[in-house]
Amino acid sequence: MGRRKRPSFAPELSGPDPRLLELSSDTMRAMVDQAMARIVSHHETLPTQPLHATAGGKKLARALREPLPERGVPYDRLLRLIFGRVIPTSLNTASPGYLAYIPGGGLFHSAVADLIADATNRYAGVWLAAPALAEIEAIVVRWFADLLGLPATAGGVLTTGGSLANFSALVTARRERLPPDFLRGVIYVSDQAHHSVRKAALLAGFPPDRVREIPSDERFRLRPDALERAIAEDRAAGLAPFFVVGNAGATPTGAVDDLGAIADVAAREGLWLHVDAAYGGFFALTTRGRAALAGIDRADSVTLDPHKSLFLPFGTGCLVVRDREALRRAHAVHADYLPPMQTVDDLVDPCDLGPELTRDARGLRVWLPLKMHGAAPFRAALDEKIDLARAAADAIRATPGLEIVAEPELSLFAFRARWPGQEGAALDAWNRALMSRVNARQRVFLTGTLLASVGFVIRVCVLSFRTHREHVDACVEDVRAAHAELAAEGSGARSLTRPA
């Protein structure tokens, strides 16, 4: 008698085998090897790739649209699309000549860490699920808190960037400093503040008119005297001042506020002091950076972006708070389906310190490069960026017809061209044309901004770990050449050597 077949309760399947998603070891190796060959080639050619190649981007984006495909496409064909069309049609933010916005460069070490974290796919939102991975993130945050001079009570969480960090800081301050009916609360920012602070206020439930913009001084730093007056006026109107933001490297001008003076006002008035150090915070690794950031150790919370001045890939931010328990009080919510949360002081459930429950092992991308190299090469690179920015500013200052509008407090400065008879919109147009001509040379890429007290200015931000003296020299050469061309076209025989 034959052996009876064991009954199966699985449905009969037709079509592709669902096990196709479970790749063999050979296939996994081949996929990584093929991608790696293209990635290495991409990195090797970064200095010669265009700085900006977004022309045709609209057409390409629309061409990619399609219904959900039922059948697959060969992997090598997809790689050709990604590296041949998708990635090149963009701003080359990893280029050594990218001096626009606030670059970071994207350390390869972190990409490898992300591959490890994503491939092993460990859940790191709750300490019990991956104790060592959760601890690695806590260790990284502790390193940052120590760097800033914050006390042992400090703690925090890695975020996707400064915007989420600013939001969580504001929510925490609202919970700590205001009653449940918080709509009388007032937030104070510099006219140089990042727009994410206003967005955070909106998302946190504050009406737009509860954000007060405080004027800055001639160095684009928040004026403490104007802050105090605004607080007094709001209190007299029956409102509740509770939150002030200091800049540690403002995006438009690189300005670093007098954090000590703002801390004094915050202490007297009972305000939560938040420092947006997304760009400038890690300059605390250097002697000059620590001097510029004096007073940051008095903050109640600090936003940091490792994807800026720690050179990591985009998507790596951090919020550090003076009192870690304040973060927990603002964010911790339990559910019966979750494991018991940590009650021991030295262990942390990341989901209790921020808005995300589902989180990847985010700490690896920070921890791996710092463990591999230590802090020393990061410090040296940041010192180099300070030197390069100052050298570039000096060279532009020495060029007739050009002036520095915002001095480099760290590694970012702003300048503009001046020309006789041009003011207002005409001068703005001249400077926009100057920037366009520099960018058209495709050796460096610059961006500008509008300053209420000045008009349109051109920014230079030296921050990528790949940017060195030759790239800054190219920037100065192209600025001078473009300015000379415009001057010749605009004035005929008038010489550029004539001072503005």
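User: Which residues line the largest cavity?

Analyst: Keep in mind this is a predicted model. The lining of the largest cavity is made up of Val157, Thr159, Leu164, Ser168, Pro350, Gly354, Pro355, Glu356 and Arg359.

User: And which elements give two or more residues to that lining?

Analyst: Those are β1 (155–159) and α6 (162–177).

User: How do the lining residues of that cavity divide by type?

Analyst: Four are nonpolar, three polar and two charged.

User: What volume does the largest cavity have, and how many cavities of 30 Å³ or more are there?

Analyst: Its volume is about 40 Å³. The structure has one cavity of 30 Å³ or more.

User: OK, pockets now. How much space lies in the largest pocket?

Analyst: About 930 Å³. There are 35 residues in its lining, and Ile39, His42, His43, Phe83 and Ile87 are the ones nearest the centre.

User: Which elements give two or more residues there?

Analyst: α1 (25–44) and α4 (108–120) do. The biggest giver is α1, with eight residues in the lining of the largest pocket.

User: And by residue type?

Analyst: The lining of the largest pocket splits into 20 nonpolar, 11 polar and four charged residues.

User: How about the second largest pocket, how much space is in there?

Analyst: About 580 Å³. It's lined by 32 residues, and closest to its centre are Ile102, His194, His195, Thr251 and Lys308.

User: Which elements give two or more residues to that one?

Analyst: For the second largest pocket they are α6, β2 (185–190), α7 (195–203), β5 (272–277) and α11 (306–309). The largest share is four residues, from α7.

User: What's the split by type in the second largest pocket?

Analyst: Its lining has 12 nonpolar, 14 polar and six charged residues.

User: Let's switch to packing. How many residues are in the largest nonpolar core, and which have the most contacts inside it?

Analyst: That core has 56 residues. Phe144, Tyr188, Leu227, Val275, Leu304, Leu310 and Val320 have the most contacts inside it.

User: Pick Val275. What is it in contact with, leaving aside neighbours within four places in sequence?

Analyst: Val275 is in contact with Gly246, Ala248, Leu259, Ile296, Ala299, Ser301, Val302 and Thr303.

User: What other core lies apart from the largest one?

Analyst: There's another core of 30 residues, and its members include Leu434, Val460, Leu486 and Ala487.

User: Is β11 mostly covered or mostly exposed?

Analyst: Mostly covered: β11 spans residues 455–461, and seven of its seven residues are buried.

User: How many bridges join β10 to β11, and in which sense do the two run?

Analyst: Five bridges join them, and β10 (residues 447–451) and β11 run antiparallel. In that pairing Thr447 is across from Arg459 in β11.

User: How many residues lie between β10 and β11?

Analyst: Three, and the two strands form a hairpin. Putting β11 together, it has β9 pairing with it over four bridges and β10 joined to it by five.

Note on methods. Residues numbered from 1 in each chain as written. Predicted model: local features only at pLDDT ≥ 70, side-chain atom pairs only at ≥ 80, totals over all residues. Heavy atoms only, no water. Core = buried A, V, L, I, M, F, W, Y, C linked by side-chain atoms within 4.5 Å. Buried < 20%, exposed > 50% of the residue type's maximum accessible area, 1.4 Å probe, protein only. Contact = heavy atoms within 4.5 Å. 1 Å grid on protein atoms, 1.4 Å probe; cavity = no way out; pocket = protein on both sides within 12 Å on 5 of 7 lines; lining within 4 Å. Points joined across faces, edges and corners; volume = space filled by probe spheres on them. Nonpolar A, V, L, I, M, F, W, Y, C, P; charged D, E, K, R; others polar. Pairing = 2+ DSSP bridges.
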